[in-house]
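Subject: Structure for you to look at

Hi,

Here is the structure I promised you. Please open it next to this email and follow along.

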Amino acid sequence: MGSNRHMSADSRGGHALEAGRAIVPSSESPASSRPLSPLSMRRASLMQEPVLVLNATYEPINVTAVRRAMVLMLKGVAQAEELHNAEVHSAAHSHRVPSVIRLLAYRHIPQQSRALSRKNILLRDRNTCQFCSRVFPSSELTLDHVVPRSRGGRSSWENLVACCYQCNNSKGDRTPEEAGLKLARRPRPFTLHTSRQLMRLIGHRDDRWRKYLFY
Ligand SMILES: [Zn+2]
C-alpha cells in the first residue's frame, strides 16, 4: 500500500490510536459519586466502544470511541459508514451507534506524528519483551536503550524497545551482541502500518471493520 504520505496516524485531537486512551475518552470523568443505574452503565460502556475512523479515501486511519465519533458526526465532520446494532436514546431521539465512520474531508496524516513515549513503545512492541519474547503487563516492562546511552545510544524509536526487568538486568550497560541477546525484531517508528496491525487486533471483534482493514 505504498505511499509514505500516510505513514503515521494522527495524534491531534486526542483521539489517536493509542488504543487504551482512544477507547476511553478523556472527557469521561466521574462527574458524580452517585451510583449509576444499570441502564446508564450500559450506556456509559457503549459510549466507549471503539469506532474505526476512515479517511475520506476510506483508508483506515484511527480508532476512537463512540462518544467522540458521534461528536464528529454531529459537527458534520464525519458520517457513519457502518452502524452498530445498539442505539443511544436522548430525550427526543434515538441514534444508532456508529461502528465505522468516515471523515468527509481528506485529512493529511503527517509522518511520524506519534509521540515517542513509554506507552507508545509498549504499544508498538505489544507489551512483549524484545529480548525474551515474553508478554508482560506494562508495570513489569521497562524501556531498554538497545545501544546504551553511555555509548551514545539515542532515545529514539529505533533505539528503544520494551524489555522485561530480567533481560534489562542481564543486558546491563552492553549492546545486545555483547550480552548474547538477540532482538525479536528491528525497532521501527510507530507508523500507520503499525497502527493498522493494532486496528486489526481490535477489529477482530467487529465484522463491520473487516472490509476496511483486511485487504
Ligand atoms: Zn525479557
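First, the ground rules. This is a predicted model: local features need pLDDT of at least 70, side-chain atom pairs count only at pLDDT 80 or more, and totals for chains, interfaces and linings use all residues. Residues are numbered from 1 along each chain as its sequence is written.

Start with strand S1, residues 50-54. Strands here are DSSP runs of E with at least two residues, helices are runs of H or I with at least four, and both are numbered from the N terminus. In S1, 5 of the 5 residues are buried. Buried means that 20 or more other C-beta atoms lie within 10 Å of the residue's own; 12 or fewer means exposed, anything in between is partly exposed, and C-beta atoms are placed from the backbone. In a regular strand the side chains alternate between the two faces of the sheet. S1 is covered on both: Pro50, Leu52 and Leu54 lie on one side, Val51 and Val53 on the other.

Which strands pair with S1? Pairing needs at least two DSSP bridges between the strands. S2 (residues 60-65) runs antiparallel to S1, with 5 bridges. Val51 has Thr64 as its bridge partner there. The hairpin of S1 and S2 has 5 residues between the strands, and Tyr58 takes a positive phi near 75°. S4 (residues 94-103) is parallel to S1, over 3 bridges. Leu54 stands opposite Arg102 in S4.

Now the cores. A nonpolar core is a set of buried Ala, Val, Leu, Ile, Met, Phe, Trp, Tyr and Cys residues joined through C-beta atoms within 7 Å. The largest has 19 residues, and Val51, Leu52, Val53, Leu54, Ala69, Val100 and Ile101 touch the most other members. S1, S2, H3, S4, H7 (192-203) and H8 (207-213) each supply at least two residues of this core. A second, separate core has 13 residues, including Cys129, Phe131, Cys164 and Cys167.

Helix H3 covers residues 66-74, and Val66, Arg68, Ala69, Met70 and Leu72 are buried in it. After H3 comes Gly76, with a positive phi near 80°.

Last, look at Cys163 in strand S6, residues 160-164. Why is Cys163 buried? Because it has 25 C-beta neighbours inside 10 Å. Its C-alpha atom is 6.8 Å from that of Phe131, 32 residues apart along the chain.

Best wishes
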